[in-house]
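Work through the exercises below with the model open. Try each task before reading its solution.

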Amino acid sequence: MNLTGIFVPLITPFTADDQVDRRSLAALAHEVLTDGATGLVALGTTAEVATLDPQERATVIEICAEVARERHVPLIIGAGGNATAAAVRALNELPEAAAALTLVPPFTRPSEEGVVEHFRVLAKNSPVPLIVYNVPYRTALTLSAETVLRIAEIPGIIGTKHSVGALDAATIAILAHRPAGFAVLAGDDVLAGPLLALGAEGGILASAHVRTAAHVELVDAWAKGDVERARVLGHRLADLSAALFAEPNPAVIKAVLHDQGRIATPAVRLPLLPASASALASASARLAFDLP
Ligand SMILES: O=C(O)C1=N[C@H](C(=O)O)C[C@H](O)C1
């Protein structure tokens, strides 16, 4: 599977009576693909997956899979957890996916050796390739570059969503020493431009619900070495992402999509709260810029 480009981790839109809004979800999926996204991600953090019951998760997968099939694009599905055996079961229950996005086991804080073993067992028993979601500020576990590079060597692991919150020495080492066929995808929206400049193949970026084509152009500009264009685009999009993430994701993104008339309600589920009016205004003010 080719992991080049922008993959949009879709929000889960809700109706006024708190059901999954099937129509808005399908429409959003089509819109981002029409604007150039390479593929879709279902049940990422941005989907408020922790608040969805099993039936709702199945509904989200069904809708995203239908659009992916129709548009001939890859669908990545979030699956995993901090119990290895349960994560294996979850992977084997995925109906149809090009790959699964699997979180570094959160909360438990196993040793780095334990994390490598977790991914070895998952990869050996998964029917689909795996993308490791490395997000220390959510999992409470920071992996060394050596550990990520060991995981990268495991057959069946095809990349990482790199969301470590910084462009640190480990990030540079991972990009420099990863094996062929192991993709690095930006997962921190504000840092996407610099990570692409360092050689990342693309990104799984919630911000790409809006200005999707500009995000696609950013990947393209860095890939082609069009540095001037890439820098300007990167700066504009980083400003926009910072505004979209000014409050817990995906509240501001949902507020903007609702404001644009693309989803029926801006509703998020507790413990998330709706975006403030000032966060919406600040993000909206950063939406309009000309492509360089
Ligand atoms: O759901 C995702 O995948 C993403 N989640 C991140 C988060 O909410 O921390 C943000 C990123 O853009 C994609």
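Axes are lines fitted to C-alpha atoms, for helices over the stretch in contact, and angles run from 0 to 180 degrees between N-to-C directions. Helices (H or I, at least four residues) and strands (E, at least two) are DSSP runs, numbered from the N terminus. The model is predicted: local features need pLDDT of at least 70, side-chain atom pairs count only at pLDDT 80 or more, and totals for chains, interfaces and linings use all residues. Residue numbers start from 1 along each chain as its sequence is written.

**Exercise 1. Describe how helix 11 and helix 12 pack.**

Step 1: geometry. Helix 11 spans residues 251-259 and helix 12 spans residues 277-285. Their axes are 9 Å apart, at an angle of about 70°.

Step 2: class of angle. Angles under 35 degrees count as roughly parallel, over 145 as roughly antiparallel, 65 to 115 as roughly perpendicular and the rest as oblique. Helix 11 and helix 12 are therefore roughly perpendicular to each other.

Step 3: hand. The crossing of helix 11 over helix 12 is right-handed.

Step 4: residues. Helix 11 contributes V252, A255, V256 and D259, and helix 12 contributes A279, L280, A283 and S284. Contact requires C-beta atoms, placed from the backbone, within 7 Å.

Step 5: The contact of helix 11 with helix 12 has six nonpolar, one polar and one charged residues. Here Ala, Val, Leu, Ile, Met, Phe, Trp, Tyr, Cys and Pro count as nonpolar, Asp, Glu, Lys and Arg as charged, and the others, Gly among them, as polar.

**Exercise 2. Which residues of helix 11 are buried, and what does their cover include?**

Step 1: criterion. A residue is buried if 20 or more other C-beta atoms lie within 10 Å of its own, exposed if 12 or fewer, and partly exposed in between; C-beta atoms are placed from the backbone.

Step 2: count. Seven of the nine residues of helix 11 are buried, so the helix is mostly covered.

Step 3: names. The buried residues are A251, V252, I253, K254, A255, V256 and L257.

Step 4: cover. Helix 10 and helix 12 are among the elements that cover them.

**Exercise 3. Examine the loops on either side of helix 11, starting with P250 and P271.**

Step 1: P250 sits in the loop between helix 10 (227-244) and helix 11. The N249 to P250 peptide bond is cis, with omega near 5°.

Step 2: P271 belongs to the loop between helix 11 and helix 12. The bond joining L270 and P271 is also a cis peptide, with omega about 10°.

Step 3: A275. This residue lies in the loop between helix 11 and helix 12. A275 has 26 C-beta neighbours inside 10 Å, so it counts as buried.

Step 4: its partners. Leaving out residues up to four places away in sequence, A275 touches E247, A251, V252, A255, P266 and L280.

**Exercise 4. Describe the packing of helix 1 on helix 2.**

Step 1: geometry. The axes of helix 1 (residues 22-34) and helix 2 come within 10 Å and cross at roughly 35°. The crossing is right-handed.

Step 2: residues. R22, L25, A26, A29, H30 and L33 of helix 1 meet T59, V60, I63, C64, V67 and R71 of helix 2.

**Exercise 5. How many helices and strands does the protein chain have?**

The chain has twelve helices and eight strands. Of its 292 residues, 49% count as buried.

Note on methods. Left-handed = near helix turned anticlockwise from the far one by under 90°. Contact = placed C-beta atoms within 7 Å.
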